[in-house]
Amino acid sequence: MATRYRFRVEEFERAFQGVPHVELLRGEVYQMGPIGPKHVHKVAQLDARLQEVLRGKAVILVQSPLRLSEDSEPEPDLMVLKPPLERYADRLPTPEDVLLLVEVADTSLEFDREVKLPLYAEAGIPEVWLVNLKENLLEAHRDPRGGRYREIRLLSPEEEVSPSAFPEVRLPWA
């Protein structure tokens, strides 16, 4: 049976501030930092755009676990996966299911670049977008080989981006 507690918003935020969001990467548990309003807004904005333009073509999951390997289970901000949704009813997505991953980064920018991107490249994830909130840039990482991405495109807010799996789709990412 669940126990209920009553809080005001301020009390709740104080009481649960710093409760860790954790990810398993290379067998180590990492405590991730809190998610701020800019991060939440950008994830929601990209989710809405991707849902709209990829309806029926892909499955979009938000901040869900990805069974990357035997010792790594990150939770990318967005995953664009092969359909249908029922494919994931009894299992977590794996690298073979992924068409595109999106990581939104503010305070986690260096960590995402230095730790997560190499993991994604090693697993053969074909494309990762790193939304750099600090500099207001989108980094499109493609062509994984040898544990790194061979192609990196930097896009300013005025530019549009197309997922490699869907070149006909043009998205204003900002």
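## Basis of the description

Two strands count as paired if DSSP finds at least two bridges between them. Helices (H or I, at least four residues) and strands (E, at least two) are DSSP runs numbered from the N terminus.

This is a predicted model, in which local features need pLDDT of at least 70 and side-chain atom pairs count only at pLDDT 80 or more, while totals for chains, interfaces and linings use all residues. Residues are numbered from 1 along each chain as its sequence is written, and side-chain values use heavy atoms, with hydrogens and water left out.

## The open sheet

Six strands form an open sheet with mixed pairing, in the order β3-β4-β5-β6-β7-β8. β3 (59–62) and β8 stand at the edges with a single partner strand each, so one side of each has no neighbour in the sheet. On average, neighbouring strands of this sheet are turned by 20° against each other, direction ignored; axes here are lines fitted to C-alpha atoms, for helices over the stretch in contact, and angles run from 0 to 180 degrees between N-to-C directions.

Strand β6 (residues 127–132) runs antiparallel to β7 and is joined to β7 by 6 bridges. Within this pair, W129 has A140 of β7 as its bridge partner. Helix α3 (residues 109–122) packs on the sheet and touches β5 (98–105), β6, β7 and β8, with a direction about 175° from that of β6. Contact means heavy atoms within 4.5 Å.

## Two hairpins

Strand β7 (residues 137–145) also pairs with strand β8 (residues 148–155), in the antiparallel sense and over 7 bridges. P144 is bridged to Y149 in β8. The hairpin of β7 and β8 has 2 residues between the strands, and G146 takes a positive phi near 60°.

Strands β1 (residues 21–25) and β2 (residues 28–32) run antiparallel and are joined by 5 bridges. E23 is placed opposite Y30 in β2. This hairpin has 2 residues between the strands, and R26 takes a positive phi near 55°.

## Partly exposed residues

V22 belongs to strand β1. V22 counts as partly exposed because its relative accessibility is 41%; buried means under 20% relative accessible area, exposed over 50%, and partly exposed in between (1.4 Å probe, protein chains only).

R49 lies in helix α2 (residues 37–53) and is partly exposed, with a relative accessible area of 26%. Leaving out residues up to four places away in sequence, R49 touches L171, P172, W173 and A174. R49 and T94 are 45 residues apart in sequence and 23 Å apart in space, C-alpha to C-alpha.
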